Amino acid sequence: MTPSWPPTPADVARLLEALALAEERSPHYRARFAAAGFRVAELRDYDAVRARVPRTAKADLVAAQRAHPPFGDFLAAFPSELAAVHVSPGPLYIPRLADEPGGTPVLREAIGAMGVRRGEVAHVTLSYHVMPGGLRLHRAFEEYGCVVLNGGTGASALQLQVARDLGATVYAGTPSFLGRLADQARELGWYPRRDLHYRLGFSTAEALPQVLRAELEGAFGLELFDHCGEALIGPVAGECRLHAGMHLHARDLFCEFLDLATGEPVEPGGTGELVATHLGRRALPLVRYAPGDVFRLLPGACPCGDHSLRVAFVGQVGAIRKIKGVLVHPAQVHRVTSEFPELGRFQIVVEHPPGARYDHAVLRAGTVRPPGDPAALARALAERLRATVLIQMDVELVPETEIPEGAAPPRFAEAMVDRRGA
Ligand SMILES: [Zn+2]
């Protein structure tokens, strides 16, 4: 069963079982819980877990593995029990037990939700090299009953030939590589819609903005499904055929969504940071692991009949700011600016003028070429921002060279200029 949010008593019982297992088997968590002054047996409900169990950050794992290579003091298994080791950027070493599903059952379900048929040829283009993404998806498509091409990354001309010759109907990988395949196909003199046979696409590991989705769907005549996950915790959520948000479908994860300021649970309709705990036995259990991902929880039930919570990815926690009471991430603004071909990098400047009641936000939008009608462009941009990011911003058009390169996607490190309290 997929744990619900807010959690049911049965979900909390599974969470407490996982915490007890981590305390019993992992020296790291045993020491950490003791230092925080509790034993898992004393925790009675979810509120007690939230109040007493500390979060785990990626930095904790990195530090532990540097101090005690290769796995740090997190390991909750004997080395002889390990079946595989995956590498995650850092590098971080993530060992796996033979019976640890590593997200595959969940991916199989996500593949079914897209309408993939058994026997279809699936072309997987995530990396198979060192990182676990490609292998994980490959196993899932194979177990689902597809014929799987291990494409990997790069070698796009060869990949196109293989996909065409073998009649691949399902694409799985990043949207940017699918875009690369479209360009490469045209360079070969092919017409992607006619010469390739993709009808469904599993899009993951990158954001899928509306404009890019429409462009790729148009180029190939396929239907894309957005999915999200994280390197250490695996797949988290994916779209159903109604494409109205991503259903939370990680059965082996207890997912919390917590308010960025207060740490309190967020209700559907709100926006919160994901904190995830592995359920079941793991070689390297993660307890209250916070990858820094912020999601909006969509209210109401999906008409598809799947009652699991639906989420929309907002962005990474570091670049997010609350402006006029609304959480804003530069990635959301970028989705809007990328609808306008004249626009490049941008900065959001937030001020709280002395004596004013509200914050004042200005979008400094860099133009890559002089717009035909600057006033109309600024007006259209402000309207789209109001409609999609739900915030009123003044728009100021400047040449892109005036915007620091550090403001560029995907990191947006200098995209937010917060002058409040300055
Ligand atoms: Zn649905």
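The model is predicted, so local features need pLDDT of at least 70 and side-chain atom pairs count only at pLDDT 80 or more, while totals for chains, interfaces and linings use all residues. Residues are numbered from 1 along each chain as its sequence is written, and side-chain values use heavy atoms, with hydrogens and water left out.

The protein chain holds 12 helices and 19 strands. Both are DSSP runs numbered from the N terminus: helices are H or I of at least four residues, strands E of at least two. The radius of gyration, taken over C-alpha atoms, is 23 Å.

Of the 422 residues, 51% count as buried. Buried means under 20% relative accessible area, exposed over 50%, and partly exposed in between, with a 1.4 Å probe and protein chains only. Contact means heavy atoms within 4.5 Å. Among contacts with a separation of 6 or more, 62% join residues 24 or more positions apart. The chain carries 45 positive and 48 negative side chains. Lys and Arg count as positive, Asp and Glu as negative; His and the chain ends are not counted. The centres of the two sets lie 1 Å apart, with each charge placed at NZ of Lys, CZ of Arg, CG of Asp or CD of Glu.

Helix 10 covers residues 210-220, and its buried residues are Arg 213, Leu 216, Ala 219 and Phe 220. These residues cover an arc of only 135 degrees around the axis, which puts them on the same side of helix 10. The arc is that of the directions from the helix axis to the C-beta atoms. Exposed Gln 210 and Glu 215 sit on the face turned away from the buried side. The cover over the buried residues includes helix 8 (175-187), helix 9 (192-195), strand 7 (223-230) and strand 8 (234-239). Gly 221 follows helix 10, with a positive phi near 65 degrees.

Leu 385 lies in helix 12 (residues 374-388). Leu 385 counts as buried, because its relative accessibility is 0%. Neighbours within four places in sequence aside, Leu 385 contacts Val 333, Val 336, Leu 363, Leu 390, Ile 391, Met 393 and Val 395. Glu 396 is 11 residues from Leu 385 along the chain, and their C-alpha atoms are separated by 13 Å.

Technical notes
The radius of gyration is taken over C-alpha atoms; the globule rule is 2.2 Å times the number of residues to the power 0.38.
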